[in-house]
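Please open the model in a viewer and keep the selection tool at hand.

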Amino acid sequence: MSPPDSPPYRDAGPLAFDVDATSSAGFARPVTLFGHPRRLYGNANLSIYVRQRCNAHCAFCVEELRPASRGVALARQRIALDDDVTWLGRLDRVLAEVGDHVRSVSVTGGEPSRDPSLPAILRRVGGLRHLRRTMTSNGSGLWLQREGRPVIEHVVHAGLDHLNLSRAHWDRDENARLMAMRGTVAEGGGLDDDAFAAAIERAHAGGISVRLSCVLLREGVGSWEAIERYLDFAAAVGVRHVIFRELMRHDPERALPGGVARYSDRERVAMRPLLARLDAEPAFRPKRQIVGYYYYVEVFETRWRGHPMSVTFEAADLGRIEARRRLEPDLVHELIFHPSGELCSTWQPWDGRLGPP
């Protein structure tokens, strides 16, 4: 990492991505997937995109923005197999095929914590001890009962490395407003603060690192003072890893008009001024930069209210995905197993299909 006054890739962001020179892996390798030769990025991740729809209705929804950035509604992306046996069987085939080729596997959605199939998914992911294993969730279903015990116990039993919890605001009511989660947990609402903290404590006791993920919003956490309040909340619930995300950018000429794209453009808080503020804060020590094919990340270490804490800032540009594919059409950067039972190299199940046959 260069001195904080001259980070080498901050200005360029994902434009600086080069597999050999600037990527976190530093290489891509030839692999064979379902009988076809591919060129796979060295740090490729497999995302298991669960079939359960999200109970939140965030105006900034990333799941919705990904297809919207390509001019497509979320409903087309979320075509799902209803047959558990068939879908899990296809997942088994995918894990057997790609498990030795990827560095990590993540369970995402939708909302995994409310998916009735999650225990079965976690049993499969738990067996992949050679991979870094993560689940991303809004946490609302962690105390629901599945197969005779709370979901959080299934998460712990799977031995995940990380549990990423999406939380848009430190205040529960404001978080519920921003993420549009109302009512009781059974009705689709979020956890109260005690249940949220208890789930974090249980995950930590099980050896899982919990990370809070917060989108930067003009109407939410969008200033340095709000970031400080959020870090106070994280410290109070025992979390030592916090991620602040700039709303994803997109190509306005391709995106669906209105909706999540318009909200993102209106509410986006630029990350760079906040990074400049961190450069002037001696308590925040730059740890590393990560240049991805469509994202850019800076990680800092600090002591917050007496506790060691890792604070990450992340920005992404969905338009760079297509640009990178045009530049290197043979390179697969990530793998996504879809609700439809398709393994693809993109978040759209009709695009970049890899298998199973």
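Select Thr-346, which is found in the loop between strand 16 (343-344) and strand 17 (353-355); helices (H or I, at least four residues) and strands (E, at least two) are DSSP runs, numbered from the N terminus. The model is predicted, so local features need pLDDT of at least 70 and side-chain atom pairs count only at pLDDT 80 or more, whereas totals for chains, interfaces and linings use all residues. Residues are numbered from 1 along each chain as its sequence is written, and side-chain values use heavy atoms, with hydrogens and water left out.

Thr-346 is buried, with a relative accessible area of 5% (buried means under 20%, exposed over 50%, partly exposed in between; 1.4 Å probe, protein chains only). Display its surroundings: Thr-346 touches Arg-70, Arg-325, Ile-336, His-338 and Asp-351, residues up to four places away in sequence not being counted (contact means heavy atoms within 4.5 Å). A polar atom of the Thr-346 side chain lies 3.1 Å from the backbone oxygen of Asp-351.

Next, select Ser-137 in strand 5. Ser-137 is buried, at a relative accessible area of 2%. Its side chain has a polar atom 2.7 Å from the backbone nitrogen of Gly-139.

Finally, select helix 5 (residues 151-158), where seven of the eight residues are buried. The buried residues of helix 5 pack against several elements, among them strand 5 (132-137), strand 8 (162-166) and helix 7 (193-205). Just after helix 5, Gly-159 takes a positive phi of about 70 degrees.

How values were computed: Polar contact = N/O pair within 3.5 Å; in protein donor to acceptor, adjacent residues only side chain to side chain.
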